[in-house]
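Hi,

Here is the structure I said I would pass on. Have a look at it first, and then read my notes below.

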Amino acid sequence: MTTEHTRVAIVGAGPAGLVLSHLLAQAGVESIVLDQRSREDIEGTIRAGIVEHGAAELLAGIGDTSRIYTAGHRHDGIELHFPAPDGGTEAHRIDFPGLTGRSVWLYPQHEVLIDLIAARLADGQDLRFSTTVDRVEGVESDRPRIFGTGADGQPFEIEAEFVVGADGSHSVVRPAVTGPSRAGGYFREYPFAWFGILCEAPPSAPELIYSNSADGFALISQRSDTVQRMYFQCDPEADADALSDAQIWDILQKRTPGTELNEGPIFQRDVLRFRSFVSHELRHGRAALVGDAAHTVPPTGAKGMNLAIGDVILLDQALQELLLRGSERGLDAYAAEASKRIWKSQHFSWWMTSMLHLQPEANEFDRLRQLGELRSVVESEAGRKYLAEAYTGWPYATSL
Ligand code: DHB
């Protein structure tokens, strides 16, 4: 087996790995991106759809292939719905441009990936699908190595100057960063999950509705003019096939009182489990973690992909310092700097989740307090502004 060489070996061809390879290439730093999934699998897996203002700007500038501003939809606000004291429903709009001067883009992650893969291939990026990485060695030296099996079934070995784990929550790079005895991180589970559907019907409302109802949470989102994405709070052990379409519509309609949902054939259903996780370590020697390999957030507020891009912007600067100017200063600063946005996003995702979902253990006091919290947000300009700033995204770092 021959050993290949590259400057940066990036494990994972999701948004984090692909954006990093782009930023490095722009600075003249060569990389190889490896992913165990096939291109079809990556481009076909449906994920969340909200892109922050700054992430949209960055993605729109990558290659000639970005369709975010043409195929995506700009959203200037969301609606928060919750029970009124008189038994009705209150609906409050959070006006993003009015509060922050920014908006978000509804553009599903798999569309982002289709654009990014096309752009990276057009740029000549060495991008290898169906390639499994088994282990990473030597991260304490200046020539770490990765070992795995290529798409042809043959073993391979790559020697790099730096290894990046952009390989999601089951990262194979993470043990090389955290060390086997320090594996794991800061962790929280939630007593609920989301039951998600895709259906053929036009949007039920112009903007997304986050509904805290007496029966539990529901989110009415969209994918296009003809497809809607909707979620409702369910038991984490729920079986996605156990409910009939009629039962699903019944639950969704009940949880969005005052809104008439457009129903249509349901063509996909899934149960999404909730976790909050931050790895104890984000970098060790010549390896670092970005995106879901470093942390996961519950989906409420759609921070996952946007946060991954925040990590990558910082790591790109640190790697440029190391590989173009021979300084480890940026790398030494990476974990502390990245953790600022990571923990703000963890807080926001946890806060939106806890404010909007029915806690199974909640008593009447807890429930009324939660409605008081929602009212504190919607009736205060400062409260609405905090939500809008976080949802549309804090500005990305410009220096490390
Ligand atoms: C979607 C997902 C989210 O988690 C969210 O907060 C908003 C929208 C979506 O999949 O459309």
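In S13, valine 8 has phenylalanine 162 as its bridge partner. That pair belongs to strand S2 (residues 8-11) and strand S13 (residues 162-165), which run parallel and are joined by four bridges. A word on terms: helices (H or I, at least four residues) and strands (E, at least two) are DSSP runs, numbered from the N terminus, and two strands pair if DSSP finds at least two bridges between them.

Before I go on, please keep in mind that this is a predicted model, in which local features need pLDDT of at least 70 and side-chain atom pairs count only at pLDDT 80 or more, while totals for chains, interfaces and linings use all residues. Residues are numbered from 1 along each chain as its sequence is written, and side-chain values use heavy atoms, with hydrogens and water left out.

Back to the sheets. S2 and S13 sit in an open sheet of six strands, ordered S9-S3-S2-S13-S20-S19, with mixed pairing. Its edges are strand S9 (126-128) and strand S19 (283-284); each has a single partner strand, so one side of each is left without a neighbour in the sheet.

There is also an open sheet of three strands, in the order S4-S8-S5, and here the pairing is antiparallel. Strand S4 (50-51) and strand S5 (73-75) are the edge strands, each with a single partner, so one side of each has no neighbour in the sheet. S5 is joined to strand S8 (residues 104-106) by three bridges, and histidine 75 stands opposite valine 104 in S8.

Then look at strand S14 (residues 185-200) and strand S18 (residues 266-279): they run antiparallel, with 12 bridges between them. Glutamate 189 has arginine 275 in S18 as its bridge partner. S18 also pairs with strand S21 (residues 295-296), again antiparallel, through two bridges; there, valine 278 stands opposite histidine 295.

How is the chain divided? Into domain 1 (3-68 + 108-187 + 276-356) and domain 2 (74-103 + 189-275 + 372-391), with bounds that come from an automatic or database domain assignment. The contact between them takes 27 residues from domain 1 and 24 residues from domain 2, where contact means heavy atoms within 4.5 Å. Taken over C-alpha atoms, the domain centres are 29 Å apart.

And where does the ligand lie? Both domains give residues to the shell around the ligand, so it lies between them. 14 residues surround it, the closest being Tyr210, Ser221, Arg223, Tyr231 and Pro299; a residue counts as near if one of its heavy atoms lies within 4 Å. The shell has nine nonpolar residues, four polar and one charged. For those classes, Ala, Val, Leu, Ile, Met, Phe, Trp, Tyr, Cys and Pro count as nonpolar, Asp, Glu, Lys and Arg as charged, and the others, Gly among them, as polar. Strand S15 (208-213) and strand S16 (216-222) each supply at least two residues of the shell.

Finally, oxygen atoms of the ligand lie 2.5 Å from a backbone N or O atom of proline 299 and 2.9 Å from one of glycine 301. Taken alone the ligand exposes 300 Å², and the protein buries 100% of that (Shrake-Rupley method, 1.4 Å probe).

Cheers

Technical notes. A polar contact is a pair of N or O atoms within 3.5 Å; within protein, one must be able to donate a hydrogen and the other to accept it, and residues adjacent in sequence count only if both atoms are side-chain atoms.
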